[in-house]
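Hello,

Here is the structure you were waiting for. Have a look at it first, then read my notes below.

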Amino acid sequence: MTMVPSAPLSDSMFALTLALLFLAPLAIAGVALINAGLGRSRSAAQALLGSLAVLAAAAIVFAVVGAPLAGSAHSLSISAGGKSWNVTGAAPSLLFGMGSSSLQAQLELLFEFLAVAMAAMLPWGSGADRFRLSAGCAAAAVIAGLAFPLTAHWIWGGGWLAQLGVNFGLGAGFLDGGGAATVHALGGLSALAVVWIAGPRRGKFPKEGLSTALPGHNAVYVLFGCLLALVGWLAWNVSAAVLWLHAPLASLPQTALNTLLTGSCAVAGTYAVTRFRFGKPDASLCANGWMAGLVASSATAALVSPLQALFVGLVAGIVTPLLVEVMELALSIDDPSGAVTVHAVGGLWGLFAAGVFAPLPGQLLAQLVGIGTLLGLVFPLLYLLFAVLNRYVPFRVDADGERLGMDLHELGGGAYPEFVIHRDESYR
Amino acid sequence: MKYAGLLAMPAGFFLILAAILLFPDPLPRATFVLCGLAVEGLGLGVAVRGHMNSREGRA
């Protein structure tokens with residue numbers, strides 16, 4: 001697919017993109033529902049309230065601190081090796097209005113608000129059943145105030161990763177149309193940091209024997225969340241293609257089609273793997289596979305053919321259930337929502353695939369440099385920031401709170417007061 | 001051990017940066033970028049191993 005140079009948005013494209021951006025939050029709603037469903041019933045209200053709180057914290061902090069750093073109108077550059085390295089935005093504060101920003105810039109800012117909310121929500125799901133609400137909001141503030149704005153500026157705001165093509169002849173620079181890096185890889189790697197710092201859920205890894213299965217409490221929420229996410233993802237990928245890749249109108253239906261095909265092939269792959277391994281398809285793993293496909297499509301949907309989209313989805317769908325098992329059984333990573341596998345690994349796979357299938361010479365290397373930046377710079381930085389934050393705002397709830405459940409401990413009431421919640425090993 | 005792994009990961013990143021700055025030719029540049037990614041992968045592996053060890057130590 002060829003991209004046309006950046007041109008001012010026409011009125012019709014502006015209206016279309018704005019309408020799509022009103023639908024894109026359905027992806028966030030879908031992820032929130034999936035997170036609640038994959039957690040336990042005694043933490044369901046806290047999980048959904050937390051999603052709202054994390055979204056709100058991320059939006060506020062991004063408006064106050066992050067937006068100027070992410071903006072592309074003004075930026076700070078350093079000179080090294082005879083090249084100019086655009087390292088951060090230095091836009092005027094958003095709090096006094098958008099000024100004379102172009103239509104395109106205003107839509108880009110709106111997109112970034114949705115993106116930061118999604119990125120901040122991913123670690124919240126991974127910390128389910130032990131991550132305190134205040135700590136979740138604090139972690140969201142760190143993501144929205146520093147990690148996301150810098151990454152977004154480097155990739156979307158004309159930063160040094162976007163300029164790899166101009167400065168070093170690496171294709172068109174690092175390409176991330178739908179936020180596979182800025183949203184999903186960033187959020188998924190944040191989730192890994194949170195999971196490591198907060199530790200596993202009580203009883204998850206007993207002293208002897210294999211890990212204990214702690215299944216999600218509502219598969220219907222999870223699967224409906226997947227359907228809801230599809231609507232959001234279609235809007236997300238198409239609007240992103242317009243805003244960040246300057247895709248022409250005629251290419252947008254194929255972007256939407258590729259999104260659907262990638263997710264579909266991914267869920268088919270996961271269905272086949274779980275059917276083969278367990279004798280029956282696994283609902284929560286199929287949901288993970290579907291989401292991994294959608295995440296991978298964020299990087300590839302606007303850049304590949306439908307056949308390539310099927311391949312991207314198939315790989316994501318086959319790898320996801322196997323990796324979920326490895327994470328839990330071999331690596332002792334307790335990630336209830338599967339954000340590390342689905343969003344971090346799915347996102348990185350999509351970014352790599354975009355480089356493999358892109359027709360421009362050097363594009364694969366540009367994608368590898370971007371992946372290396374996320375893994376080698378952003379992840380250690382996030383871990384460090386979260387480790388410091390954990391000293392002042394402890395991530396993990398105390399043992400009594402975990403035994404009671406997050407709903408009773410943090411909110412004083414359960415999500416399902418009319419139902420008897422079954423006893424489990426924590427009460428013995 | 002976990003922190004040693006996390007410290008090794010930025011080393012891989014700087015190797016990648018050095019590769020794109022110092023090598024204009026595609027082959028050595030790609031080789032050193034891959035080496036940088038390998039260092040990051042090793043760092044991540046050590047960090048994961050450190051996480052597993054600390055969990056086993058607590059159990």
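How many helices and strands does the secondary structure of chain A come to? There are 15 helices and two strands in chain A. Keep in mind that this is a predicted model.

Overall form of chain A. The radius of gyration is 21 Å, close to the 22 Å that the globule rule gives for 428 residues, so chain A is as compact as a globular protein of that length. Its C-alpha trace spans about 65 × 45 × 40 Å along the principal axes. Of the 428 residues, 60% count as buried. Among contacts in chain A with a separation of 6 or more, 79% come from residues 24 or more positions apart.

One helix pair in chain A. The axes of H8 (residues 219-244) and H10 (residues 283-300) come within 10 Å and cross at roughly 10°. Angles under 35 degrees count as roughly parallel, so H8(A) is roughly parallel to H10(A). On the H8(A) side, the contact includes Val222(A), Leu223(A), Cys226(A) and Trp233(A). On the H10(A) side, Ala287(A), Trp290(A), Met291(A) and Leu294(A) are among the residues involved. By class, this contact has eleven nonpolar, four polar and no charged residues.

The contact between chains. Chain B gives 20 residues and chain A gives 18 residues. On the side of chain B that touches chain A, helix H1 (2-22) and helix H2 (26-58) are the elements that give two or more residues. H2(B) has the largest share, eleven residues. That side of chain B has 14 nonpolar, three polar and three charged residues.

Best wishes

Conventions
Residues numbered from 1 in each chain as written. Chains lettered and ligands numbered in written order. Predicted model: local features only at pLDDT ≥ 70, side-chain atom pairs only at ≥ 80, totals over all residues. Axes fitted to C-alpha atoms, helices over the stretch in contact; angles between N-to-C directions. Helix = DSSP H or I, 4+ residues; strand = E, 2+ residues; numbered from the N terminus. Parallel < 35°, antiparallel > 145°, perpendicular 65-115°, else oblique. Contact = placed C-beta atoms within 7 Å. Nonpolar A, V, L, I, M, F, W, Y, C, P; charged D, E, K, R; others polar. Rg over C-alpha atoms; globule rule 2.2 N^0.38 Å. Buried ≥ 20, exposed ≤ 12 C-beta atoms within 10 Å, placed from the backbone.
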